[in-house]
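Here are some friendly notes to read beside the model.

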Amino acid sequence: MLVLGIETSTPQTSVAVGTEQGIIASMALSRGRPGHEVAMPAVRHLLDWSSVDLHRVGGIAVGVGPGLFTGMRVGIATAKTLAQVTGVPIIGLASLDLLAFSVRYSHRLIVSVIDARRGEVFYAFYRPVHGGVTRQSSFLVGSPERLLAEVEAQLEDVLFVGNGALVYRRTLEELGARVEFASAGHAFPHAAALVELAIPRFVREEAGRPGDIVPLYVRKSDAEIAWDKRARSA
C-alpha cells in the first residue's frame with residue numbers, strides 16, 4: 001500500500017511517501033514562507049521527484065498536532081483535500097507520538113516536547129516497547145518548570161526529544177545526569193515516521209473519513225485567549 005504523509009504542525013514542514021517495504025522518498029524544509037504556500041508545493045515536488053503518481057496513493061496520513069495552530073490547520077486541510085480528490089482513506093496521528101517513535105530504541109523513559117511558544121511546551125511521556133512506543137500520559141501543556149517537576153517525580157532516567165526540549169534545555173538540565181537530549185535531527189516530527197505508523201493502521205482498516213480529522217488543540221488559540229482577557233476586563 002502506498003501512503004502519503006504530511007506533517008506541518010511545527011516550524012518544519014515534511015512530506016513522505018512509502019509502502020510496507022519502507023520509505024520511498026521524503027523531504028523536510030523550514031518555513032521561510034507561510035504554511036499554506038509550502039504544503040501543497042512540497043507534496044507536488046515529492047511526488048514528481050519520486051515518480052509517484054498521486055492516483056497510485058492508497059492512503060493519506062497527516063500530523064494533527066499539538067503544535068502551531070496555523071500549521072496544523074494547513075496540513076489537515078491539504079490532507080483532506082487530497083483524500084477527497086483521490087477518494088482514499090485518511091488517518092490523523094499526534095505529532096508528539098511521531099517524535100517519540102523517532103527515538104523508540106532508547107532504553108529510557110521518553111518525553112516528547114514541542115515548543116508551544118508563550119513560554120510553554122506541549123509534552124507527553126512514552127515507554128519504549130518492542131518495535132515502537134506506548135504513550136503513558138495524556139497530551140499536556142505547561143511551563144518548562146512544570147515539566148521539570150513532573151519529570152523529577154518519575155524517579156528514572158529520561159530521554160527528551162523535540163524542539164521544546166532544545167529551547168528549554170538549560171532549565172531541563174537541572175535534573176542532572178538522569179536526563180539525555182536527542183539530537184537536533186529529532187527536533188521536529190517527521191512525515192517519514194507518520195507513514196511508518198500509519199501503514200499498519202490502514203492495513204487494519206482503522207482509517208476515518210476526512211470530516212473526522214481535526215486539529216489536536218491542547219490549549220486555546222491566541223485569539224481565544226485575547227477574547228477571554230477582554231471579557232474579564234469588561
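This is a predicted model: local features need pLDDT of at least 70, side-chain atom pairs count only at pLDDT 80 or more; totals for chains, interfaces and linings use all residues.

Notes on the model

1. Let me start with Arg 135, which sits in strand β8; helices (H or I, at least four residues) and strands (E, at least two) are DSSP runs, numbered from the N terminus. Arg 135 is partly exposed, at 38% relative accessible area; buried means under 20%, exposed over 50%, and partly exposed in between, with a 1.4 Å probe and protein chains only.

2. Residues are numbered from 1 along each chain as its sequence is written, and side-chain values use heavy atoms, with hydrogens and water left out.

3. The overall picture comes next. The protein has eight helices and 11 strands, and its C-alpha trace spans about 50 × 50 × 30 Å along the principal axes. Of the 234 residues, 51% count as buried.

4. Arg 135 also belongs to the lining of the second largest pocket, together with Leu 93, Asp 97, Phe 101, Tyr 126, Gly 131, Gly 132, Val 133, Thr 134, Leu 197 and Arg 201. On a 1 Å grid over the protein atoms alone, a pocket is an open set of points where a 1.4 Å probe fits, with protein on both sides within 12 Å along at least five of seven lines, and lining residues have an atom within 4 Å of a point. The pocket holds about 190 Å³ of space; grid points are joined across faces, edges and corners, and the volume is the space filled by probe spheres set on the points.

5. Which element gives the most to this lining? It is β8, with four residues. At least two residues each come from α3 (95-102), β8 (132-135) and α7 (191-203). By class, the lining has five nonpolar, three polar and three charged residues; Ala, Val, Leu, Ile, Met, Phe, Trp, Tyr, Cys and Pro count as nonpolar, Asp, Glu, Lys and Arg as charged, and the others, Gly among them, as polar.

6. Helix α3 is mostly covered, with seven of its eight residues buried. Among them are Asp 97 and Phe 101, and both of these also line the second largest pocket. Arg 104 lies over the face of Phe 101, 3.9 Å from the ring centre; a charge sits over a ring if NZ of Lys or CZ of Arg is within 6 Å of the ring centre and within 35 degrees of the ring normal.

7. How many aromatic pairs does a search of the whole structure find? There are three; rings of Phe, Tyr and Trp (its six-membered ring) pair if their centres lie within 6.5 Å, and planes under 30 degrees apart count as stacked, over 60 as edge-to-face and the rest as tilted. Phe 69 and Tyr 217 are stacked, because their ring centres are 5.0 Å apart and their planes are at 15°. This pair links distant parts of the chain, 148 residues apart: Phe 69 is in helix α2 (residues 69-86), and Tyr 217 is in the loop between α7 and α8 (222-233). Phe 69 is buried at 16% relative accessible area, whereas Tyr 217 is partly exposed at 41%.

8. Tyr 123 and Phe 125 make an edge-to-face pair, 6.2 Å centre to centre with 80° between the planes. Tyr 123 is buried at 0% relative accessibility, and Phe 125 is buried at 5%.

9. Some backbone details deserve a look. A cis peptide bond joins Gly 65 and Pro 66, with omega about 5°, and Pro 66 lies in the loop between β4 (59-63) and α2. Arg 117, in strand β6, has a positive phi of about 65° although it is not a glycine. Leu 155 has a positive phi of about 60°, and is not a glycine either; it lies in the loop between α4 (144-152) and β10 (158-161) and is exposed at 73% relative accessibility.
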